[in-house]
Amino acid sequence: MKKIVSLLLAALMVATMCFGLASCNTPEAGGETGDWAKIQERGYFYCGITLYAPMNYYNEEDVLVGFDTEFAQAVAEELGVEAKFVTITWGSKYLELNSGAIDFIWNGYTFGDESDGTPRSNYVDFTYAYLNNSQCIVTASNKLATLNTKEAFAGLRGAAEGGSAGEAVAKDLAGESGTYTPVAAQTNALMELKAGTIDFAVIDVLMAEAMVGQGDFTDLAINNAYTPEPEVYAIGCRKGSDMTAKINEAILKLVENGKLAEIAAKYELSDALIQNIGEN
Amino acid sequence: MTFARINAMLLEGFGTSCQLFLLTLVLSLPLGLIIMFGSTCKFTPLRWLTRTFVWIIRGTPLMLQLFVVFYVPGMLFHMHLFPSGPEGRFAAALTAFVINYACYFSEIYRGGFGSITRGQYEAAQVLGMTRWETFRHVILMQVVKRLLPPMSNEIITLVKDTSLARTIMVAEIFFINETEILTKGIVWPLFYIGVFFLIFVGALTLLFNYLEKKLSYYKV
């Protein structure tokens, strides 16, 4: 009897605690729509990034540079706040965004679908697209001659960043008989390739042009056996956030005063920069 | 990247790991004691509640707890318990680590105190010692001596568990290595990191050996 009573009491205590927690968890007034007010109050916003050239990377002086870095800083300046960056695992990007740990996915983020076919616009609100990109295949440079058709990749081991636009391409190329490995960041795919643990990687062409065949990756090369559909980069904001409009406004200003074109030229991305931003 | 540069980056990451280790240790040792009082309490509901809590914490992966502490409040309730940025991530990781390790420590404590036979308390009472005197002069050092080996085990595990903090992007040594060094195709730092941990755990082992020797009062 004593045991039953104590069990009941314990259950009651747990229930009260849960209730107490639940009742103090009423969302703050405004919820996601109050993002701008919160960012203004804090004085900064956080962009979730992975490190790779030419978007976000550390230069020789150990300063975070790159197109997206300077772009975010320019937008922040327009808004009168500061841009901060945090390195994340790409697969955790929606978790980071929805929990409020970051405010934007701003790292060469492709406007398109997840590899399972779900439109990314189900998860985020996109700003205007700003750069043209496409996925591309990278292989060891001594394999360029043998891996020269789309079919040659069937049955091989491919990798792409988990949750990236390249995922679907890599899966498709490797086919049923091959394997596909999702990795934490695009640069990890290059590392796997260098280590020989995979046969091909699918990454952003803008990144491949900036990193493959040089520096630490001299023995790798872009493989043009197959060119996937072109795509565009845009910034991912929290669903329903009032920041989307704010960022769009700032982007248009940066286009108008030529600042965006200037940054693009600095990173040799002038050709990739979308003309007439905001009109499509 | 130069050796000096990589060295500086790794040292910074290892600094974060060490901070996480030390703070977790300092905070979870006393918290473990409090949890032990709960799980040995004569008030049954509290005892049940504490033991259920210990069961949940010891029964779920630390990785899951890290996710829950850092992401879930924001996602489900728009409640931001931890400030955004590296400090907030570190605080979240520390919270998860302290709760997790306190539960393990509480069970080690419970084992330690439970191992003292009732006869010793009775003997002390016959000799006219107060409860505090009994605890201070008879029980405490015996318990400490018995706690030391399992505690050192758990503490060494904690040193290496700090790498789990990368789950929520805390810039500890492995996260830095993976995002900034390994991705450039540089492999040797992996072994170098191994040396960091070997030296750290080696120092801890020497410390525990010394303490055990100090406490080995049965040996003549």
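**Close-up views of a predicted two-chain model**

View 1. Most residues other than glycine have a negative phi, and most peptide bonds are trans. D62(A) is not a glycine, and yet its phi is positive, at about 65°.

**View 2. A cis peptide bond in another loop of chain A.** The peptide bond that leads from A53(A) to P54(A) is cis, and its omega is near 5°. P54(A) itself belongs to the loop between β1 (44-49) and β2 (57-58) of chain A.

**View 3. An open sheet in chain A.** Five strands of chain A form an open sheet with mixed pairing, and their order across the sheet is β4-β1-β5-β14-β7. Which strands stand at the edges? They are β4 (82-87) and β7 (124-126) of chain A, and because each has a single partner strand, one side of each remains without a neighbour in the sheet. The partner of β7(A) can be followed in the order of the strands: β7(A) pairs with strand β14 (residues 236-238) of chain A in the antiparallel sense, over 3 bridges. Within this pairing, D125(A) has C237(A) in β14(A) as its bridge partner.

**View 4. Two packed helices of chain A.** Two packed helices are described by the angle between their axes and the distance between the axes. For helix α3 (residues 67-79) and helix α9 (residues 259-266) of chain A, the angle is about 160° and the axes lie 9 Å apart. An angle over 145 degrees counts as roughly antiparallel, and α3(A) and α9(A) are therefore described as roughly antiparallel to each other. The crossing in which α3(A) passes α9(A) is right-handed. On the side of α3(A), the contact involves F67(A), E70(A), F71(A) and A74(A), which meet K259(A), L260(A), I263(A), A264(A) and K266(A) of α9(A). Sorted by class, the residues of this contact comprise 6 nonpolar and 3 charged ones, with no polar residue.

View 5. Chain A has a mean pLDDT of 87, and 88% of its residues reach 70 or more. Along residues 18-31 of chain A, however, the pLDDT is below 50, and this stretch has 9 contacts in the model beyond near neighbours in sequence. Where pLDDT is low, the predicted coordinates should not be read in detail.

View 6. Chain B contains 9 helices and 0 strands, and its C-alpha trace spans about 70 × 50 × 25 Å along its principal axes. The average pLDDT of chain B is 91, with 99% of the residues scoring at least 70. Among the elements of chain B, the highest mean pLDDT (96) belongs to helix α2 (residues 44-59), whereas the lowest (84) belongs to helix α4 (residues 72-77).

**View 7. Helices α3 and α5 of chain B.** Helix α3 (residues 62-70) and helix α5 (residues 86-114) of chain B cross at roughly 135°, and their axes come within 9 Å. This angle makes α3(B) oblique to α5(B). As α3(B) passes α5(B), the crossing is right-handed. From α3(B), the residues L62(B), Q65(B), L66(B), V69(B) and F70(B) take part, and they meet residues of α5(B) that include G88(B), R89(B), A92(B), F97(B) and Y101(B). The contact of α3(B) with α5(B) is made up of 9 nonpolar, 4 polar and 1 charged residues.

**View 8. Helices α5 and α7 of chain B.** The packing of α5(B) with helix α7 (residues 131-161) of chain B has an angle of about 145°, and the two axes are 9 Å apart. The crossing of these two helices is right-handed. Among the residues that make the contact are F97(B), Y101(B), Y104(B) and F105(B) of α5(B), together with F135(B), I139(B), V143(B) and L147(B) of α7(B). In the contact of α5(B) with α7(B), 15 residues are nonpolar, 2 are polar and 2 are charged.

**View 9. Scores of the model.** The model has an ipTM of 0.75 and a pTM of 0.81.

Terms used:
Residues are numbered from 1 along each chain as its sequence is written. Chains are lettered from A and ligands numbered from 1 in the order in which they are written. This is a predicted model: local features need pLDDT of at least 70, side-chain atom pairs count only at pLDDT 80 or more; totals for chains, interfaces and linings use all residues. Side-chain values use heavy atoms; hydrogens and water are left out. Axes are lines fitted to C-alpha atoms, for helices over the stretch in contact, and angles run from 0 to 180 degrees between N-to-C directions. Helices (H or I, at least four residues) and strands (E, at least two) are DSSP runs, numbered from the N terminus. Angles under 35 degrees count as roughly parallel, over 145 as roughly antiparallel, 65 to 115 as roughly perpendicular and the rest as oblique. A crossing is left-handed if the near helix is turned anticlockwise from the far one by less than a right angle, and right-handed if clockwise. Contact means heavy atoms within 4.5 Å. Ala, Val, Leu, Ile, Met, Phe, Trp, Tyr, Cys and Pro count as nonpolar, Asp, Glu, Lys and Arg as charged, and the others, Gly among them, as polar. pLDDT is the predictor's confidence in each residue, from 0 to 100. Two strands pair if DSSP finds at least two bridges between them.
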